[in-house]
Amino acid sequence: MVSLSKLAANTLTADVITGSCAETQNLGEKIGRKITNRIIIALSGELGSGKTSFVQGLANGLEVPARFYVTSPTYSIIHEYPGRISLFHIDLYRLTDKDDIYDTGLYEILDSFGVFAIEWPDLLKNEFPAQYLSVHIEITGDDTRKFQITAFGNETASLITDL
Ligand SMILES: Nc1ncnc2c1ncn2[C@@H]1O[C@H](COP(=O)(O)OP(=O)(O)O)[C@@H](O)[C@H]1O
Ligand SMILES: [Mg+2]
């Protein structure tokens with residue numbers, strides 16, 4: 001189930017319901033397949049909502065080889081995977097202070113060419129560029145999740161137009 005709405009100039013939102021982890025991975029894969037340029041994808045939603053599952057699908061869509069199994073970067077903060085475009089899976093859960101971000105080398109990484117999937121992005125949210133994707137996930141049942149995916153900036157809208 002997908003519905004699209006335009007909330008403000010240059011933003012497009014897709015609401016999607018998934019009924020299993022596999023459906024969430026498929027959603028991530030569909031978006032991943034369409035990505036041809038560097039982009040930040042900010043992932044929010046409580047623990048266990050499916051952020052990492054979504055990134056597993058994203059990796060498939062970016063043609064990350066299957067031997068790389070995408071796991072939560074909570075303790076290492078940044079995982080990098082090779083693909084059509086490099087995938088950087090970032091988890092800021094354990095960082096509480098903006099100064100901590102400097103120590104991780106994240107700012108240098110964000111200047112490189114890649115897809116940056118960021119879990120718990122709040123510390124960075126005031127620094128996102130005009131073009132980025134926000135993925136918010138709500139737990140609506142044991143196996144159901146409600147996705148609100150917002151494309152900020154016209155260049156990102158095509159990523160969510162036929163999900
Ligand atoms: N529709 C769904 N989408 C994603 N995960 C789901 C879904 N239904 C159940 N799950 C389960 O929820 C958990 C999601 O975990 P994970 O992707 O690591 O979440 P997060 O990274 O947000 O903490 C997994 O155990 C997964 O099997
Ligand atoms: Mg996670």
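Start by selecting tyrosine 107, which counts as buried because its relative accessibility is 18% (buried means under 20% relative accessible area, exposed over 50%, partly exposed in between, with a 1.4 Å probe and protein chains only). The model is a predicted one, in which local features need pLDDT of at least 70, side-chain atom pairs count only at pLDDT 80 or more, and totals for chains, interfaces and linings use all residues. Residues are numbered from 1 along each chain as its sequence is written, and side-chain values use heavy atoms, with hydrogens and water left out.

Rings of Phe, Tyr and Trp (its six-membered ring) pair if their centres lie within 6.5 Å; planes under 30 degrees apart count as stacked, over 60 as edge-to-face and the rest as tilted. By this rule there are seven aromatic pairs. One of them is tyrosine 102 with tyrosine 107: the ring centres are 4.8 Å apart and the planes at 45°, so the pair is tilted.

Next, select Phe128, Tyr132 and Phe152, which form one aromatic cluster. Phenylalanine 128 and tyrosine 132 are both buried.

Centre on isoleucine 41. Beyond its neighbours within four places in sequence, its contacts (heavy atoms within 4.5 Å) are Ile35, Phe54, Leu58, Val115, Phe116, Ala117, Ile118, Leu133 and Val135.

Definitions and conventions
Chains are lettered from A and ligands numbered from 1 in the order in which they are written.
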